[in-house]
Amino acid sequence: MDFEALKKYSALHPKPAGLTLQYGTAGFRSKAEQLDHVMFRMGLLAALRSRATGSTIGVMVTASHNPEEDNGVKLVDPLGEMLHPSWEEYATQLANAEEQELQKTLTEICQKAAVNQQKDASVFLGRDTRPSSKKLSQAVVDGVSVLGSQYHDYGLVTTPQLHYMVCCQNTRGQYGKPTLEGYYQKLSKAFMELINKSPGSGEGQRHLKIDCANGIGALKLSEMQPYLPKEVLIHIYNDGTKEKLNHLCGADFVKVHQKPPKGLDMKPNERCCSFDGDADRIVYYYTDTAGHFHLIDGDKIATLISIFLKELLAKVGQTLKMAVVQTAYANGSSTRYLEETLQVPVHCVKTGVKHLHHKAQEFDVGVYFEANGHGTVLFSKAAENTIRQLAKEEKDDAKKEAAKVLENLIDLINQTVGDAISDMLVIEAILALKGLTLHQWDAFYTDFPNRLLKVQVADRQVIETTDAERRAVTPPGLQEKIDALVKKYKFSRAFVRPSGTEDVVRIYAEADTQENADALAHEVSLAVYHLAGGRGAPPQPL
């Protein structure tokens, strides 16, 4: 390691005094002007991780659904998955090390992680459309270069596309070609084959309005349009030419506010969906003839995909184990429908995509979606091999046909991470094949009314949870109080959890009516305020 060069370059990316940041599920996120030193150091860390694994590592510069003035960075591990937890700790140490400690911290990481510094290193880099992303991504390049590592800068890409490239590169092309064209070709070919099997194929066009949150999704969807069949007409809104990224639009806005995004005019029963700023989340929605808005979130997406997969798996006659993975935020009505009506096992894990992804890997077919619309489907290697073999060699026509549909789905799904473009094509294919309208899909089950609140506290660490964050262990008396409040309402449940990023406690409540869900959420927020050190004025009723 050339410590002189390191010192010289590090001085060009100085750390602001007293700033401490934590690498979480979303990597680092903050105001863009605070991140220059972090980007440089994540370039260093990516080079070390590459040497430690003998693989290409990805670095994505994005702050997803955050406001345009924020930015962030996350590292992508060899198979396109999120960074290993032990390296999350190294990332936090490196980002927070004072200038004079940097050399020592790097040396310690190399020792702990047994990094062979003689090995070659390779890093793939991508960024979103924020005004700050180009400059910050140059800081990453400085970090990668100062350690003598190779890099390939993909420039503007969606987060899932970068995850995809990393996986393609490290599987030596087995997963696909590590190019944007390779991504478009693989997905569109699988999509075409599915659409051609639909009963109504060739009967006119299917229109879909897409709100791209004024982000990278608009650019990449435009590039992909020529690859898509003429039967599917996508109309792109909020393409970033007029408004700010994520401002009053995007998947997060639609999910939280339960209303259409700005900049998209909706007529009754039109199919609409929204991506988030870096195109790794998607939600669908429509308005009915009475003008009521209907949101179809990640829970309903997981349900639609599960129904379709279950039917296909039954047709191929294989004993492949399928399960759905949710978090405590999943609507209780979706859990009930999956378990009782569909007879599909459901597992609940802690909030955060890495927990869902990890659990989904335990099954032959693992479906996971957060309620916010981030999710995908994972197929085990064994399941994939079985399905591909049946598609090629099965003598029974019906079984062979079902196996071929499953094979197309495997190719259409981005298994590395939730991917709004891929998920959208999967949903469109399933709706076409099953001949479903959005209204029919929405009617599978009715969500329990719910409410999400947050309470400011002096220290979020006072709340500790267990049972996949569904029960509070500390402070004393809080869980007992929540249990007593829940008993007052029908079909109700509530839980609290500390935010991963700020000193607030998040409160989720469900009940038989919106009025009761709101009342329960308010009473739980008061309990948190009084027992967990609330700050400012007590929460007011909604």
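**Entry 1: α1 against α2**

I started with the contacts, taken as heavy atoms within 4.5 Å. On the α1 side I found L6, Y9, S10 and L12, and they meet D36, F40 and L44 in α2. I sorted this contact by class: five nonpolar, one polar and one charged residues. For the classes, Ala, Val, Leu, Ile, Met, Phe, Trp, Tyr, Cys and Pro count as nonpolar, Asp, Glu, Lys and Arg as charged, and the others, Gly among them, as polar.

I note here that the model is predicted: local features need pLDDT of at least 70, side-chain atom pairs count only at pLDDT 80 or more, and totals for chains, interfaces and linings use all residues. Residues are numbered from 1 along each chain as its sequence is written, and side-chain values use heavy atoms, with hydrogens and water left out.

Next I looked up the axes. Helix α1 covers residues 3–12 and helix α2 residues 36–53; their axes come within 9 Å and cross at roughly 150 degrees. The two helices are therefore roughly antiparallel (over 145 degrees; under 35 would be roughly parallel).

**Entry 2: α10 against α11**

The axes of α10 (residues 298–316) and α11 come within 10 Å and cross at roughly 10 degrees. I therefore logged α10 and α11 as roughly parallel to each other. D299, T303, S306 and I307 in α10 meet S334, Y337 and L338 in α11. By class I have three nonpolar, three polar and one charged residues in the contact of α10 with α11.

**Entry 3: aromatic rings**

I counted 15 aromatic pairs. Rings of Phe, Tyr and Trp (its six-membered ring) pair if their centres lie within 6.5 Å; planes under 30 degrees apart count as stacked, over 60 as edge-to-face and the rest as tilted.

I looked at Y329 with Y508. This pair is edge-to-face, with 5.8 Å centre to centre and 85 degrees between the planes. Y329 sits in the loop between β11 (322–327) and α11 (332–341), Y508 in strand β19 (residues 504–510), and they are 179 residues apart. Both Y329 and Y508 are buried, that is, under 20% relative accessible area, with exposed over 50% and partly exposed in between (1.4 Å probe, protein chains only).

Then I took F448 with F491. The two rings are stacked, 5.7 Å centre to centre, with 15 degrees between the planes. F448 is in the loop between α16 (438–442) and β15 (450–456) and F491 in the loop between α17 (478–486) and β18 (493–498), so the pair ties together parts 43 residues apart in sequence. F448 is buried at a relative accessible area of 15%. F491 is partly exposed at 47%.

I also noted one aromatic cluster, formed by Y164, Y175, Y183, Y184 and Y227. K186 lies over the face of Y175, 3.8 Å from the ring centre. For this, NZ of Lys or CZ of Arg must be within 6 Å of the ring centre and within 35 degrees of the ring normal. K300 lies over the face of Y445, at 4.7 Å from the ring centre.

**Entry 4: two buried residues**

I found D442 in helix α16. D442 is buried, with a relative accessible area of 11%. Beyond its neighbours within four places in sequence, D442 contacts Y286, H294, L295, I296 and K300.

I found N331 in the loop between β11 and α11. N331 counts as buried, at 3% relative accessibility. Leaving out residues up to four places away in sequence, N331 touches D299, D447, F448, N450, R493, Y508 and E510.

Notes
Axes are lines fitted to C-alpha atoms, for helices over the stretch in contact, and angles run from 0 to 180 degrees between N-to-C directions. Helices (H or I, at least four residues) and strands (E, at least two) are DSSP runs, numbered from the N terminus. Angles under 35 degrees count as roughly parallel, over 145 as roughly antiparallel, 65 to 115 as roughly perpendicular and the rest as oblique.
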